[in-house]
Amino acid sequence: RAEDGYALWMRYVPLPSALAAERSEQLQEIVAPDGTPTQRAAREELVRGLTGLLGHAPTLRTTIAGDSGLILGTPQTSSLIAPLQDELAELGNGGYLIRRMRRDGRDVILVAARQDIGVLYGAFHLLRMLQTGAPLDRLDVRESPRVALRVLDHWDNLDGYVERGYAGRSLWDWQSLPEWRDPRYTDYARANASIGINGAVLNNVNASAWSLAPDYLVKAAALADVLRPYGIRVYLSARFSAPIELGGLTTADPLDPGVQRWWQRKVDEIYSYIPDFGGFLVKANSEGQPGPQDYGRSHAEGANLLADALAPHGGVVMWRAFVYAHDVPADRTTQAYTEFKGLDGAFRRNVIVQAKNGPLDFQPREPFHPLFGAMPRTPLMMEFQITKEYLGFATHLVYLGPLYEEVLQSDTHARGPGSTVAQVIDGTLEGHALTGMAGVANIGNDRTWTGSHFDQANWYAFGRLAWNPHQSARDIAADWAAMTFSPDPAVVQPIVDMMMGSREAAVNYMTPLGLHHLMARGHHYGPGPWVDGGPRADWTSVYYHRADGSGIGFDRTASGSNAVAQYAPAVAARYGDINQVPEALLLWFHHVPWDHRMASGRPLWDELIARYAQGVRQVQAMQKTWATLNPVEPGLARLPLAIDPERHAQIAAYLNIQRREAQWWRDASVSYFQSISSRPLPAGESAPP
Ligand code: GCW
C-alpha cells in the first residue's frame, strides 16, 4: 500500500498541477555525475524524487541544452562548480550550497559541495524544498553540519530483540547476512542521509561479546557496504570483558599488557573487514555491565585502552556516562558527575564522553545533565532517546522536538550567561573539533519503521537537530508534516500545533511539575507511583516523589541531596531557590508543602490535580484537531492534498488509546497521591472511579 508509512518523509507524491508545471520547466534537465556510489545515490534520489513530485522523469544530460536545468556536483566533476572551490571549502566536509544563477544565458540551479556526500545532502535538501512547496527563486542556501558525529544507537540484540523497542524486531537480519542485503537497509540509509545522520551503532550497549566475533564482523561489514555510499559509518558496542569471553584471557584489566594486545589485534581485525569502521560505544560499570572499575581502574583508563587500539585507524570511543551503580547512592542522579567530573582531561583525544540529556534516565522532563559545561577539556556528546521508553511507547503521540530543543537551549552558565548545551555539543564553547549527538533509535522492522506514523517525526527531528542543534523544533515539525502528510497549510498548521503541544501533554498526565520516574516497574509502561519495596531503593517510584503528609518532591538542595550543587553557581542558585526554580522543575529539586502557593494562585495540591486533568484535556484536544483532518469529512475530501484515510484512521485509533491511558495515568496518580496527602479533591475534579 502506498500509504502504509514505509516511505517515511520521502514520499514524493505529485505536487499540485500548477506548481508541478512550474517546477518541471525549471528542472527538466539534470546534470548529475554517476562515477562513484555516492554520486549514483544522489542522482538516483533526484530522479526518484522528481519523477514522483513532477509526474514524469527528468532528462539526464552531460550539459544543459535548454534554457534551464539543475547541476549537481563537486569542483572535480563540474567546470561550473570548480570556481566555487574556496567557498565550498569553507563549508567543510558534508557542507553544500544550493544556488540559482544565470550561466551562459541559462537559468541554472547548482547543488554543489566539496565532497560527494555534501552533494547527496544538498540533493535531499532541494527535494525537501520541493516537497514543502518552498519558493525556488533567488535560491541561495549554504549549509554545513555543526556536529561531527550524528549517530543512531540501536539497542538491538543479536537474537533480533530490540531493548526498549516498540517497532517490531531488529532491522538487522543477522541470520541472512552477509549474503542477503535486504533492500530495506538501503532505504534505512536513504532516510538517514536525508537528515544528515552519518553513523549507526548496530548493537545494544548491553552488548554481547559475540558482536565482535569474526562471524558477526562479516555481517556488520556487509551492512557497512550498504550504508557507505550514504555517508554512514558503522560502529559497534563493545563489551568490556570481551577479552575474557572471546579471547579466553583471565582478565579484562585495562592496564594488563595481554588485554591491551588483545584489543589491538581485535581492532586491526575489525578494520580488515570494515576499513572505515567508526569505533566503539561502551556502557561500562553500569547496570551490571563489566568495566574498568572491576579492576580498580577508572573510566578514563578503560576508555583509553580502546582508544589506543582505535587511534591508528582513525576510530573513536564513545564512552557512556550513564552509570548506574549497584550500591544505591543517596541520590542516583548525582552518580555520573561524581564519577566523571574529576576525570576531565584524562581521556585520549579520540574519546568522547556520551551523557544522556538529563541526570536520571530519559524522563518526560529532566533538567539538563550537570556534566554539560562541567568537563571543559573533554569532548562531550549528547545522548537523546528517540524510542519512547518513558513516554507511552509508540502509541502515544509525543513529538520529542520540544524536549530536545529545551535541553539544547538550556544555559549551563559554564562560561557565563549564554553558554548553552547546544554550544557544548557543537564544540564551540570549549573549541572541540570532536563533537557528537546520539539518538537511541526507535526503528524496527514494523512497516512504519517506528511503530507509529508520528514517531517517524522523532527520528526526523533528531537527525535535523544533530545536523544543527540550534534549529527550531517547530520549523522541523512543519517540514516533517508537509513532507509526510501534505504541504497544504490547512493540514500543516493544525498538525504542527498538535505536535508542539504533545510533549507538555504527556508531562502533565504522567509526571507534572518536575515529578519523575513514576512509571510501572521494569517495562515502564503506564503509571506506578506507588511502586515501593523492590530489589533496590531507586527502582521504586516512592524513592523519587517522596510524597508524605506534608508535601511532595525530592529535595536536591543543600538541605537534601545537594545535587543542585553539581551545576554552575548561577544555575544552582536558581534551581536551588524554591521561589526562582521554574515550576516545570519544582518537584525535581524541592520537597514542597501541599499548601505552597503556585504561580496560578492555587495551592500545590490543587495545581497537581489540575495538571493531571489538563494532560487529559490536551489529548482530547489533539483528538478534536485530528478529527477535523479526516479526509472523509465533506469539504476536506475534495482537497487534492488531504491526508489519506489509511493513515488517518490508524492515528485516530492511537489517539484513542492515548486518551484512555492519559485518563488512566490521571486517575491512578490522583488516587494514589490523595491516599498520601489526605486532601479533598478541588471543586470540579471528580474522584477517580
Ligand atoms: O533507560 C535505561 C533502560 C535500559 C537501558 C539503560 C541504558 C540499554 O531502561 O533498558 O539499557 O537505560 O541506557 O543503558
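A residue counts as buried if 20 or more other C-beta atoms lie within 10 Å of its own, as exposed if 12 or fewer do, and as partly exposed in between, with C-beta atoms placed from the backbone. In a regular strand the side chains alternate between the two faces of the sheet. Five of the five residues of β7 (residues 149–153) are buried, so the strand is largely enclosed by the rest of the structure.

This is a predicted model: local features need pLDDT of at least 70, side-chain atom pairs count only at pLDDT 80 or more, and totals for chains, interfaces and linings use all residues. Residues are numbered from 1 along each chain as its sequence is written. Helices (H or I, at least four residues) and strands (E, at least two) are DSSP runs, numbered from the N terminus.

**The barrel**

Strand β14 (residues 436–440) runs parallel to β7 and is joined to it by five bridges; two strands pair if DSSP finds at least two bridges between them. Strand β8 (residues 199–201) also pairs with β7 in the parallel sense, over three bridges. Val151 stands opposite Gly199 in β8.

Now extend the selection to the whole barrel, which eight strands close in the order β7-β8-β9-β10-β11-β12-β13-β14 with parallel pairing. From one strand to the next, the twist averages 25°. Helix α13 (residues 456–467) packs on the sheet and touches β7, β13 (380–385) and β14, its direction making about 155° with that of β7. Angles run from 0 to 180 degrees between N-to-C directions, and axes are lines fitted to C-alpha atoms, for helices over the stretch in contact. Contact between two residues means C-beta atoms, placed from the backbone, within 7 Å. Helix α9 (residues 299–310) lies across β10 (279–282), β11 (316–320) and β12 (351–356), at about 160° to β11.

**The ligand**

Select the ligand and its surroundings: Trp155, Glu163, Arg164, Val205, Asn206, Lys283, Glu287, Phe322, Asp361, Phe362 and Glu389. Here a residue is near a molecule if its C-beta atom, placed from the backbone, lies within 6 Å of it. By class, this shell has six charged, four nonpolar and one polar residue.

**The open sheet**

Move to the open sheet of six strands, ordered β2-β1-β3-β5-β4-β6 with mixed pairing. β2 (59–61) and β6 (140–143) stand at the edges with a single partner strand each, so one side of each has no neighbour in the sheet. Neighbouring strands here are turned by 25° against each other on average, direction ignored.

Within this sheet, β3 and β5 run parallel, joined by six bridges, and Leu70 has Ile109 in β5 as its bridge partner. β4 and β5 run antiparallel over seven bridges and form a hairpin with two residues between them, where Asp104 in the turn has a positive phi of about 50°. On its pairing with β6, β4 (residues 96–103) is antiparallel over four bridges; Arg99 stands opposite Asp140 there. Helix α4 (residues 116–131) lies across β3 (68–73), β4, β5 (106–112) and β6, running at about 75° to β4.

Key
Nonpolar A, V, L, I, M, F, W, Y, C, P; charged D, E, K, R; others polar.
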